[in-house]
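I opened a new page today for a structure I had not looked at before. Here are my notes, in the order I made them.

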Amino acid sequence: MTDADGDTTELSRPARRQAEIAEYVVQHGSVSANDLVEAFGVSVMTVHRDLDELERRGVVRKYRGGVTAQPTSVFESNVAYRMTAAHAEKAAIARHARAMIEPGMSVMLDDSTSALALVDLLEDITPLTVATNFLPAISKLAGYRDVTLLALGGIYSATHDSFGGMPCAEAVQALHTDLLFCSVSAVSPTHAFHQEQEIVLVKQAMLRSAATKVLLVDHGKLQRTALHRLAPLTDFDAVVVDEKTPADLVKTLRDHGASVEVAQL
């Protein structure tokens, strides 16, 4: 809201401060309430009120004494935090994955930032048909020439900036693509995991709807588990990791039957 001179009024200050707090938490991963009091020069009560609103919107999670944007075994991180993580590794994995795509193919992308890194490399492999439920990917692909875009709708999640739920799973099941590129938040030596059942529902539908399935995971997601098991790693035709993955871990994954490919940074 602005006045006649175009100046921002008092009413917009809480929203602006909340956006700045959200950015601060995303940059630092986890911070204490006292850190935010000092950084923004407001009272503890104001900080907690702002954090309550940000938590309601799924941007952050409060815990005793602080707040975090980082994932846990039960909660996935907000998309804004995921956008900032492992940039170089995701770019390297995307470059490696690009070699699997040929003009004329149909490609499905999930709502991962790892798959989003691949979108920037698709414009010169056209013609392509691309299906995705990730709004940032849809926005980019809408501007590409010779790309037939299938936007997979469903229940919108602001936390993930994507569409999901049963309507999305049903839309996925109506398709059969040549390739699927997807990611997860946690990978053990034998399985891929995700924190949220609604996300798993859509990803499992995607796995059933693609001829070739490729899992894109940077080294930070390895040797972890989350609440819901998505699929065995052997269900994927390729598991692409970055070269920061320890050699002994690559060997362990391969010993358990995964087809692991290492992307060079």
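**Entry 1**

I looked up the confidence: the mean pLDDT of the chain is 87, and 88% of its residues reach 70 or more. I then marked residues 1–11, where pLDDT stays under 50. For that stretch the model has nine contacts beyond four places in sequence. Where pLDDT is low, the predicted coordinates should not be read in detail, and I left the stretch there.

**Entry 2**

I wanted the angle and the distance between axes, since two packed helices are described by them. At what angle do H2 and H3 pack? I found about 110 degrees for H2 (residues 33–40) and H3 (residues 44–56), with their axes 9 Å apart. The two helices are therefore roughly perpendicular to each other.

Next I listed who meets whom. From H2 come Ala-33, Asn-34, Leu-36 and Val-37, and from H3 come Val-44, Val-47, His-48 and Leu-51. Sorted by class, this contact has six nonpolar, two polar and no charged residues.

I turned to H1 (residues 13–28) and its packing with H3. Their axes cross at roughly 80 degrees and come within 10 Å. That makes H1 roughly perpendicular to H3. Here Arg-17, Gln-18, Ile-21 and Ala-22 of H1 meet Thr-46, Asp-50, Leu-51, Glu-53 and Leu-54 of H3. I noted four nonpolar, two polar and three charged residues in the contact of H1 with H3. Leu-51 is on my list for H2 with H3, and Leu-51 is also on my list for H1 with H3.

**Entry 3: salt bridges**

How many salt bridges are there? The count comes to eight, and I went through some of them.

I started with Glu-89 and Lys-244, whose closest N and O atoms are 3.0 Å apart. Glu-89 lies in helix H5 (residues 87–98), and Lys-244 lies in the loop between strand S14 (238–242) and helix H10 (247–255), so the pair ties together parts that are 155 residues apart in sequence. Is Glu-89 buried or exposed? Glu-89 is buried, with a relative accessible area of 8%, whereas Lys-244 is partly exposed at 46%.

Then I checked Lys-140 with Asp-120, where the closest N and O atoms are 2.9 Å apart. Lys-140 is in helix H7 (residues 135–141) and Asp-120 is in the loop between helix H6 (113–119) and strand S5 (128–132), so this pair ties together parts that are 20 residues apart in sequence. Lys-140 is partly exposed, with 34% relative accessibility, and Asp-120 is partly exposed with 45%.

Lys-251 and Asp-255 meet in a salt bridge of 2.8 Å, N to O. They are four residues apart in helix H10, so about one helical turn separates them. Asp-255 is exposed, with a relative accessible area of 55%. I also wrote down that salt bridges with shared partners join Asp-110, Asp-111 and Lys-203 into one network.

**Entry 4: two loop residues**

I looked up His-219, in the loop between strand S12 (210–216) and strand S13 (228–232). His-219 is partly exposed at 29% relative accessible area. Beyond its neighbours within four places in sequence, His-219 is in contact with Glu-89, Asp-242, Lys-244 and Thr-245. I was pleased to meet Glu-89 and Lys-244 again, as they are the salt-bridge pair from the previous entry.

Phe-236 came next, in the loop between S13 and S14. Phe-236 is buried, with a relative accessible area of 3%. Its contacts beyond four places in sequence include Cys-182, Ala-192, Leu-207 and Lys-213. Phe-236 and Lys-213 are 23 residues apart in sequence, and their C-alpha atoms are 5.0 Å apart.

**Entry 5: backbone details**

Most residues other than glycine have a negative phi, and most peptide bonds are trans. I searched for exceptions. The peptide bond from Thr-126 to Pro-127 is cis, with omega near 5 degrees, and Pro-127 lies in the loop between H6 and S5.

Asp-146 has a positive phi, near 65 degrees, and is found in the loop between H7 and strand S6 (147–151). Asp-161 also has a positive phi, near 55 degrees. Asp-161 is in the loop between strand S7 (155–157) and strand S8 (162–164), and counts as buried at 19% relative accessibility.

Terms used. Residues are numbered from 1 along each chain as its sequence is written. This is a predicted model: local features need pLDDT of at least 70, side-chain atom pairs count only at pLDDT 80 or more; totals for chains, interfaces and linings use all residues. Side-chain values use heavy atoms; hydrogens and water are left out. Axes are lines fitted to C-alpha atoms, for helices over the stretch in contact, and angles run from 0 to 180 degrees between N-to-C directions. Angles under 35 degrees count as roughly parallel, over 145 as roughly antiparallel, 65 to 115 as roughly perpendicular and the rest as oblique. Contact means heavy atoms within 4.5 Å. Ala, Val, Leu, Ile, Met, Phe, Trp, Tyr, Cys and Pro count as nonpolar, Asp, Glu, Lys and Arg as charged, and the others, Gly among them, as polar. pLDDT is the predictor's confidence in each residue, from 0 to 100. A salt bridge is a side-chain nitrogen of Lys or Arg within 4 Å of a carboxyl oxygen of Asp or Glu. Buried means under 20% relative accessible area, exposed over 50%, partly exposed in between (1.4 Å probe, protein chains only).
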